Amino acid sequence: MAAASACGGAGCGPHCSSTSAAGAEEGAPAERMGRLSIAAGATTTCGKCDGGGPAVAVSGGAGMCRECFRAYLFGKFKLAVTSNAMVRPTDAVLLAFSGGPASRVALQFIHEMQSKAIQSWETSNLQALPAFGVGVGFVDESALSVRPEHETETATEDIKSIVSSLSPGNKQVHFAPLEDVFSSGSKDKAARLKEVLGMIDDETGRDDFVQCLRMLSLQKIALENGYTKIMLGTCASGIACHVLSATVKGQGYSLPADVQYVDTRWEVPVVLPLHDCLAQELSLLCELDSLKTQQLLDRPCSGINSLVASFVSRLREENPSREHTILRTAQKLKPFPFNKFSANGYHDFLPSRLRPKFHNVDTNESTFSEILCLICGSPFSESELQNLENTKHKAQKKIDLYTAHCCQSCHFQILPAATDTYAHFFSLLPKFWTEKVDATSASNSSLRDQIEDYLLEEDDVN
């Protein structure tokens, strides 16, 4: 599954560890700096520029003034984007916006990079490379909660206001109800969403299933509007939560796929530029820069995800660097081939120092990674692949194939306990998922028929 960050909502996951409403409080700069220090205590001198005035102590103990602290975070963001070649000049980037601190900072930083690109293009004599485009996607999950309509309207208007305040660069805002991932033929999509969630017995499974639908919704927005990348506000704190929760759930094999900067297993690739930033750092920057956030529509996580988020929050209070420690440990796992962009189409825009960030896809290396879980998109382990191959040869019904295309974790947490309800459960799922299995099955059947016809012809000749 896609990793989640720490600010909640669309594209940022449910593992929210930030409760601040940045920009909502007033106060003197010195008071705000001292009150929001990440490490214990604030200094009076910046350790980077040696300037006077209030400074904030970040994780690691160095005191920074507001300007240096902002440059420190922007530097992390820009380094992640450039060193992993996340954005090409010809790209159209869909930023998944939840309204929380992480996605708000991601929106601000990618806007600043776009503004600089536009300015460079306008002042260039050659105007060879265009400036990349940016759009904003918000997944509305209000169908899953009881909330007054006026709150939803207020949150929607606030998000439009936040995006429209950023110029230059026209940024379109896309609002997508979560239930829209179901086929257009569904009479009541919200009722269908609630029905399928009601069939999932495990509380954690329901939470994870909503995450899967959220990613599908973002993919739908991107595909329908011509976006070439999806940028999430996933930060180090959220990834740390995901590492622990995935370990508890037995998702160790697929875990390396979720903790990288780049994820191309999806039809529209996903990038995580805030990969190295902590949730507290991002909340602090929103407060210091008065970046308005909107978290009225946040949904709290539940089950194992909620317990892990609380545990990581307590770890952070003891030592903020522990989140980075968890992340660094997980990154020692071998990533999958789809955690890098293919070289095709990228080298023309990049200096040679960035080209090692790409790879030429080797057929033998990538075969196993092409088989992904029907629901969560996790790559299949060797045992799951073997089970799938065995099922293909003896399956009599489509339901058998659908079930075999689900990973062990989804079997345990998401599929209904009663196997006789599988047919109804899969009939409720978004067609985008089940049609992929149908297409693969039809392709394999056609190939087998061609081989059999060829062998029969050979026999006739002989």
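What is the handedness of the crossing of α2 and α9? The crossing is left-handed (the near helix is turned anticlockwise from the far one by less than a right angle).

This is a predicted model, in which local features need pLDDT of at least 70, side-chain atom pairs count only at pLDDT 80 or more, and totals for chains, interfaces and linings use all residues. Residues are numbered from 1 along each chain as its sequence is written, and side-chain values use heavy atoms, with hydrogens and water left out.

The chain holds 17 helices and 10 strands (DSSP runs, H or I of at least four residues for helices, E of at least two for strands, numbered from the N terminus). Of its 462 residues, 52% are buried (under 20% relative accessible area, 1.4 Å probe, protein chains only).

Now the helix pairs. Two packed helices are described by the angle between their axes and the distance between the axes.

Take α2 (residues 66-83) and α9 (residues 279-288). They pack at about 130°, with axes 11 Å apart (lines fitted to C-alpha atoms over the stretch in contact; angles run from 0 to 180 degrees between N-to-C directions). The contact (heavy atoms within 4.5 Å) includes F69 and L73 of α2 and L282 and L285 of α9.

Next come α6 (residues 203-225) and α10 (residues 303-318). Their angle is about 85°, and their axes lie 5 Å apart. So α6 is roughly perpendicular to α10. E203, T204, D207, D208 and Q211 of α6 meet G303, I304 and N305 of α10.

Conventions:
Angles under 35 degrees count as roughly parallel, over 145 as roughly antiparallel, 65 to 115 as roughly perpendicular and the rest as oblique. Buried means under 20% relative accessible area, exposed over 50%, partly exposed in between (1.4 Å probe, protein chains only).
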